[in-house]
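Please look over the sequence and the model shown here, and follow the report below with both at hand.

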Amino acid sequence: MAIRKIRFQEDPCLTKVCRRVDKFDARLHMLIDDMKDTLKEADGVGLAAPQVGILKRVVVIDLGEDGGMLELVNPEIISTEGSYIDVEGCLSVPEKRGKVERPVKTTVRACNRYGNEFEFTGEELYSRCLCHETDHLDGKLYTSKVIEYVDLDEE
């Protein structure tokens, strides 16, 4: 596998709407594997394909020690519940953190790397991550939703 270069806020790739994946082939599998390696190397929680310069609807999320890595192809948010405000950051905006309102609980419908459809529900951090990464697929950065920026030294 390979570590891919993470794109930063100024990169126009991050403002584009991504295309749906229609081929569940070896190239997709390689992209997902590379994204997983890149996310681990960057010590992040989630990574969307446009963050590595690929305009496809692909996301990986690190569910921690117990959950492993979640792979989402063509994810769609199908329901949300509640809301809360917490500090959010992004691998593509490394020098900033900000308070953002997100749902407490989010359910997505997506496909795995083989094209099999499934649903996943995340709460709190994982709900935040599902929304954040899905926003990336629609060309939006969390910075457009920031209520208040946070001093990095106070975090």
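## Pairing of the strands

In this predicted model, V59 stands opposite L72, a residue of strand 3. This contact belongs to the pairing between strand 2 and strand 3 (residues 69-81), which is antiparallel and extends over five bridges. Strand 2 also pairs with strand 1 (residues 46-48), again in the antiparallel sense, and here three bridges join the two strands.

Strand 2 itself covers residues 58-62, and because four of its five residues are buried, the strand is largely enclosed by the rest of the structure. In general, the side chains of a regular strand alternate between the two faces of the sheet.

Most residues other than glycine have a negative phi. Against that background, N74 deserves a look, for its phi is near 55°, a positive value in a residue that is not glycine. N74 lies in strand 3, the strand that pairs with strand 2 over five bridges. With a relative accessibility of 4%, N74 falls under the 20% limit and therefore counts as buried.

E124 likewise has a positive phi, of about 50°, although E124 is not a glycine. Whereas N74 is part of a strand, E124 is found in the loop between strand 7 and helix 3 (125-137).

## Charged patches on the surface

Because its relative accessibility is 48%, which lies between the limits of 20% and 50%, E123 counts as partly exposed.

A patch of positive charge is also present on the surface, where R19, K23, R27 and K56 gather. Among them, K23 lies in the segment before helix 1 (26-42). K23 has a relative accessible area of 58%, and because this is over the 50% limit, K23 is classed as exposed.

## Points to check in the model

When viewing the model, a reader may wish to return to strand 2, which pairs antiparallel with strand 1 through three bridges and with strand 3 through five. The buried N74 and the exposed K23 can then be looked at in turn.

Methods. Residues numbered from 1 in each chain as written. Predicted model: local features only at pLDDT ≥ 70, side-chain atom pairs only at ≥ 80, totals over all residues. Heavy atoms only, no water. Buried < 20%, exposed > 50% of the residue type's maximum accessible area, 1.4 Å probe, protein only. Pairing = 2+ DSSP bridges. Patch = residues over 30% accessible without salt bridge, like charges linked within 9 Å, V, L, I, M, F, W, Y side chains within 5 Å. Areas by Shrake-Rupley, 256 points an atom, 1.4 Å probe, with all protein chains shown as cover. Salt bridge = Lys/Arg side-chain N within 4 Å of Asp/Glu carboxyl O. Lys, Arg positive; Asp, Glu negative; His and termini not counted. Charge placed at Lys NZ, Arg CZ, Asp CG, Glu CD.
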